[in-house]
Amino acid sequence: MGPPREKDTWGRIPRTFIRLANDNSMPLAVQNRYISEADALTPDNLFEVFSVESGHAGFFRRPGEVVDILTQIG
């Protein structure tokens, strides 16, 4: 799965990406590629990127870190 290819219909809302550094379902290289392709498509609206040292269930296993990130964005 990659970013949509229509830059005029995607990318106007500020984006945040929380990378899960130890995710085997979506490896870090894939996450980084998704971020870089999306940023290349809409260079005036780059992702704000954060990382959590966790696997795919990081949002459940490290909820405090995720909440801290979510309170920073905006």
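User: What stands opposite Phe17 in β2?
Analyst: Val49 does. This is a predicted model, where local features need pLDDT of at least 70 and side-chain atom pairs count only at pLDDT 80 or more, while totals for chains, interfaces and linings use all residues. Residues are numbered from 1 along each chain as its sequence is written, and side-chain values use heavy atoms, with hydrogens and water left out.

User: How many bridges join β1 to β2?
Analyst: There are 5, and the two strands run parallel. β1 covers residues 16–20, β2 residues 48–52. Strands are DSSP runs of E, at least two residues; helices are runs of H or I, at least four; both are numbered from the N terminus. Strands pair if DSSP finds at least two bridges between them.

User: Which hand does the β-α-β unit have?
Analyst: Right-handed, built from β1, α1 and β2. That term means that, with the strands pointing away from the viewer, the path from the first strand over the helix to the second runs clockwise.

User: On to packing. Which residues make the largest nonpolar core?
Analyst: Trp10, Phe17, Tyr34, Ile35, Ala38, Leu41 and Phe47, 7 residues. Helix α1, residues 28–41, gives the most to this core, with 4. A nonpolar core is a set of buried Ala, Val, Leu, Ile, Met, Phe, Trp, Tyr and Cys residues joined through side-chain atoms within 4.5 Å. Buried means under 20% relative accessible area, exposed over 50%, partly exposed in between (1.4 Å probe, protein chains only).

User: And what does the second core include?
Analyst: Ile18, Leu20, Val66 and Ile69 are among its 6 residues. That core is separate.

User: Charges now. How many salt bridges?
Analyst: The structure holds 3. The criterion is a side-chain nitrogen of Lys or Arg within 4 Å of a carboxyl oxygen of Asp or Glu.

User: Asp39 and Arg15: buried or exposed?
Analyst: Both are buried. Their side chains meet in a salt bridge at 3.3 Å, N to O. The pair links distant parts of the chain, 24 residues apart: Asp39 sits in helix α1, Arg15 in the segment before β1.

User: Which residue does Arg33 pair with?
Analyst: Glu37, with the closest N and O atoms 2.5 Å apart. Both lie in α1, 4 residues apart, about one turn of the helix.

User: Why does Arg33 count as exposed?
Analyst: Because its relative accessibility is 55%. Glu37 has 23%, so Glu37 is partly exposed.

User: What about Arg62?
Analyst: Arg62 forms a salt bridge with Glu65, closest N and O atoms 2.5 Å apart. Arg62 is partly exposed at 33%. Glu65 is partly exposed too, at 30%.
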